[in-house]
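Please look at the sequence and the structure first.

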Amino acid sequence: MLTLVELEILLEDCKNGNRLSQKRIYHHFYSLGMSVSMRYAQSQEEAQEICHDGFIKAFAKINDCAGVGSFKAWLRQIFVRSAIDYFRKYRQNKPKMDDLAVAQHLATPCVAVEYLSIEEKMALVQQLPPSYRMAFNLYAIEGYSTVEIAKLLEIAEGTVRANLVKARLRLKTLIEESNKISPRR
């Protein structure tokens with residue numbers, strides 16, 4: 001575990017291009033990077049690529065970091081942005097405007113979610129198509145508005161809203177299916 005003083009020294013060394021300090025930062029914050037990346041990735045390999053890209057960007061922009069107190073939050077945002085960049089880079093086709101009339105039906109709350117572990121919830125989110133998973137994570141986990149998500153992903157706000165509704169509906173279906181296969185409590 002790094003103390004604030006040690007982190008401050010490491011960050012200063014990183015700003016001076018010290019590779020050993022970068023390595024220590026990498027090892028210390030790798031689990032943070034992977035936990036953020038796994039929410040957006042479809043596989044462990046994708047998450048690792050997002051995480052590594054995040055560290056590369058972080059070290060390239062280390063001088064933009066405001067200080068030790070905000071480093072973790074700053075780094076976390078870099079991982080989120082790396083996931084967005086990965087999504088844009090590997091998206092096969094830009095999503096077309098979904099039929100909002102079909103997507104207006106919101107899913108009813110599902111009580112079964114309360115009984116799922118964090119790992120089970122994460123596994124269900126990872127089963128979503130990339131565009132649904134990205135919109136869902138940015139909205140439900142990161143707290144971005146649909147307008148902000150549309151700007152980040154360079155898509156129409158209506159598409160974001162439709163993807164959110166469809167993600168919820170798909171998650172509800174996945175939860176119901178998982179409860180049929182393995183009844184809970």
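## Helix α4 against helix α7

The model discussed here is predicted. In it, α4 passes α7 in a left-handed crossing. Helix α4 covers residues 68-90 and helix α7 covers residues 130-141; their axes come within 11 Å and cross at roughly 160°. An angle over 145 degrees counts as roughly antiparallel, and α4 and α7 are therefore roughly antiparallel to each other.

On the α4 side the meeting residues are Arg76, Val80, Ala83, Ile84 and Phe87, and on the α7 side they are Pro130, Ser131, Met134, Leu138 and Ile141. The residues of this contact of α4 with α7 divide into eight nonpolar, one polar and one charged.

## Helix α3 against helix α4

Helix α4 also packs against α3. The axes of α3 and α4 come within 8 Å and cross at roughly 125°, and that makes α3 oblique to α4. The crossing in which α3 passes α4 is right-handed.

From α3, the contact is made by Glu46, Glu49, Ile50, Cys51, Asp53, Gly54, Phe55, Lys57 and Ala58. From α4, it is made by Trp74, Leu75, Ile78, Phe79, Arg81, Ser82, Ala83, Asp85, Tyr86 and Tyr90. Sorted by type, the residues of the contact of α3 with α4 are eleven nonpolar, two polar and six charged. Ala83 of α4 takes part in the contact with α3 and also in the contact with α7.

Is Ser82 buried or exposed? Ser82, which lies in helix α4, has a relative accessible area of 1% and is therefore buried. Leaving aside residues up to four places away in sequence, Ser82 touches Ile50, Asp53, Gly54 and Lys57.

## Aromatic pairs

The count of aromatic pairs comes to six. In one of them, the rings of Tyr26 and Phe55 have their centres 4.6 Å apart and their planes at 55°, so the pair is tilted. Tyr26 lies in helix α2 (residues 19-40) and Phe55 in helix α3 (residues 44-60), so this pair ties together parts that are 29 residues apart in sequence. Tyr26 has a relative accessibility of 22% and counts as partly exposed, whereas Phe55 is buried at 3%. The cut-off for buried is under 20%.

Phe55 also pairs with Phe79: the ring centres are 5.1 Å apart and the planes stand at 75°, so the pair is edge-to-face. Phe55 lies in helix α3 and Phe79 in helix α4, so the pair ties together parts that are 24 residues apart in sequence. Phe79 has 0% relative accessibility and counts as buried. Tyr26, Tyr30, Phe55, Phe59 and Phe79 form one aromatic cluster.

Val165 has its place in helix α9, which covers residues 157-181. With a relative accessible area of 10%, Val165 is buried. In sequence, Val165 and Ala135 are 30 residues apart; in space, they are 9.8 Å apart, C-alpha to C-alpha.

Glu154 lies in the loop between α8 (146-153) and α9. Glu154 is not a glycine, although it has a positive phi of about 60°. At 49% relative accessibility, Glu154 counts as partly exposed; a value over 50% would be needed for exposed.

## The chain as a whole

How many helices and strands does the protein chain have? The protein chain has nine helices and zero strands, which gives the pattern α-α-α-α-α-α-α-α-α when read along the sequence.

Of the 185 residues in the protein chain, buried residues make up 41%. Among them are Phe55, Phe79, Ser82 and Val165. Among contacts between residues at least 6 apart in sequence, 71% join residues at least 24 apart.

Definitions and conventions: Residues are numbered from 1 along each chain as its sequence is written. This is a predicted model: local features need pLDDT of at least 70, side-chain atom pairs count only at pLDDT 80 or more; totals for chains, interfaces and linings use all residues. Side-chain values use heavy atoms; hydrogens and water are left out. Axes are lines fitted to C-alpha atoms, for helices over the stretch in contact, and angles run from 0 to 180 degrees between N-to-C directions. Helices (H or I, at least four residues) and strands (E, at least two) are DSSP runs, numbered from the N terminus. Angles under 35 degrees count as roughly parallel, over 145 as roughly antiparallel, 65 to 115 as roughly perpendicular and the rest as oblique. A crossing is left-handed if the near helix is turned anticlockwise from the far one by less than a right angle, and right-handed if clockwise. Contact means heavy atoms within 4.5 Å. Ala, Val, Leu, Ile, Met, Phe, Trp, Tyr, Cys and Pro count as nonpolar, Asp, Glu, Lys and Arg as charged, and the others, Gly among them, as polar. Rings of Phe, Tyr and Trp (its six-membered ring) pair if their centres lie within 6.5 Å; planes under 30 degrees apart count as stacked, over 60 as edge-to-face and the rest as tilted. Buried means under 20% relative accessible area, exposed over 50%, partly exposed in between (1.4 Å probe, protein chains only).
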